Amino acid sequence: MAVDLLLGLQWGDEGKGKIVDVFTSKYDIIARFQGGPNAGHTLVFNGRKHVLHTIPSGIFHEDTVNLVGNGVVIDPVIFKKELDKLDEQGVDYKKTLLISRKAHIILPTHRLLDAASETAKGKAKIGSTLKGIGPTYMDKTGRNGIRVGDIELADWKDKYRTLADKHQAMIDFYNVDIQYDLKELENEFFAAVDVLKSLTFIDSEEYIHQAQTAKKSILAEGAQGSLLDIDFGTYPFVTSSNTTAAGACTGLGVAPNQIGKVFGIFKAYTTRVGSGPFPTELFDEDGETMGRVGQEFGATTGRPRRCGWLDLVALRYACQVNGVTELIMMKGDVLSGFKTLKVCTAYKYKGEIIKHLPYNIEAENVTPIYTELKGWAADLTGMTEASQLPDALNGYVEFLEKELNIPITIVSVGPDRKQTIVRK
């Protein structure tokens, strides 16, 4: 049984959590394969908003298994807070939430290292969420990390102490003014680890293999977005993991020839949180309107998102890198009211017109070339059928399909799981 993938195609915040929630009834297993609690997946149903950071977005469906894969990094303190909220809502996650023993653990000193490193950069900071994700992945590749399976061992705290002491020396080396009480942070951390140990740990690659053999349907849930991929994103303003399709193979132990459908999610416009190049960014009333109507604030950090027109050069690149088979357009409702819409279809790059994403997309090298399309004024939020969508919106979607040569099968017209229109 092939494993389907669901990925963000921009700089994150595309609405992956909502679509995973919508899709979950079709799948036996939802599996997160990379990233950490810097992800913020927002789900809205029954009049209530839910924000998840590490736990897969299928957790509210009682018959679906939710797996945190080996490619994920877990902060026990944040994880415990997520569990506490699920407890408040009566979600029986003990039966359906599984954690890979090979997933790495974020220590309190990882977060302090993150803060020290970012502070030391000054104006050159990359916009880290300060969750300790980068330093944790550094320890993973440096073969120093602590994994979930380690906390089952009797002497794991000795390994913790050795690594934490190393981190302390590195923090001192940065020589920056950050205030913290490590003892207090550690007390909270160890209490959260005890809660984590009450869950089911598994050898996840074997579990996935056996599930495939048993013909179980599996959806791999990505975090962040393709343009934040450590290899293929807008480096160095990226996350610390592989957010693209290849990351699902390494983050779950799935062979490349076992990948099935690749669902790519994008907003009808473009947003970005934090630093880094953004060719179609708007600094005018249109950008302000997108941010206000779209409520563009980070689900994890609360930071306002930068907004701009849809960038098809970047989107085409993300589709190619991921092998996207179906597209899902989010937040079509936010563009209602614009008389004219713009779509970037090419770049002027060093005097040449190009349609591929070059090595450097900083403003001094890239000028977006736009195609203008007719907007629509209709309120989409109450629409439930594709036949109700305005002609101008259908024209917008069809233009994108032609440019990308990939079908757009779903258009989202609001945050609630019911505000999801299947086109074909």
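Colleague: Is Phe190 buried or exposed?
Modeller: Phe190 is buried, with a relative accessible area of 18%, where buried means under 20%, exposed over 50% and partly exposed in between, for a 1.4 Å probe and protein chains only. This is a predicted model, in which local features need pLDDT of at least 70 and side-chain atom pairs count only at pLDDT 80 or more, while totals for chains, interfaces and linings use all residues. Residues are numbered from 1 along each chain as its sequence is written, and side-chain values use heavy atoms, with hydrogens and water left out.

Colleague: And how many aromatic pairs are there in the structure?
Modeller: There are eleven aromatic pairs, counting rings of Phe, Tyr and Trp (its six-membered ring) with centres within 6.5 Å.

Colleague: How do the rings of Trp156 and Phe190 sit relative to each other?
Modeller: Their centres are 5.8 Å apart and their planes lie at 65°, so Trp156 and Phe190 form an edge-to-face pair (planes over 60 degrees apart; under 30 is stacked and the rest tilted). Trp156 belongs to helix 5 (residues 156–174) and Phe190 to helix 6 (residues 182–196), so the pair joins distant parts of the chain, 34 residues apart; helices are DSSP runs of H or I, at least four residues, numbered from the N terminus.

Colleague: What about Trp156, buried or exposed?
Modeller: Trp156 is buried, at a relative accessible area of 7%. Ring pairs also link Trp156 and Phe190 with Tyr160 and Phe189 into a cluster.

Colleague: Switching topic, at what angle do helix 3 and helix 5 pack?
Modeller: Helix 3 (residues 108–121) packs on helix 5 at about 15°, with the axes 9 Å apart, which makes the two roughly parallel (under 35 degrees; over 145 is roughly antiparallel, 65 to 115 roughly perpendicular and the rest oblique).

Colleague: Which residues of helix 3 and helix 5 meet?
Modeller: Helix 3 brings Pro108, Thr109, His110, Leu112, Leu113, Ala116, Ser117 and Ala120 to Tyr160, Ala164, His167, Met170, Ile171 and Tyr174 of helix 5, where contact means heavy atoms within 4.5 Å.

Colleague: What is the angle between helix 10 and helix 11?
Modeller: Helix 10 (residues 312–322) and helix 11 (residues 391–404) pack at about 55°, their axes lying 10 Å apart, and the two are therefore oblique to each other. On the helix 10 side the contact is made by Leu312, Leu315 and Arg316, and on the helix 11 side by Phe399, Leu400, Glu403 and Leu404.

Note on methods:
Axes fitted to C-alpha atoms, helices over the stretch in contact; angles between N-to-C directions.
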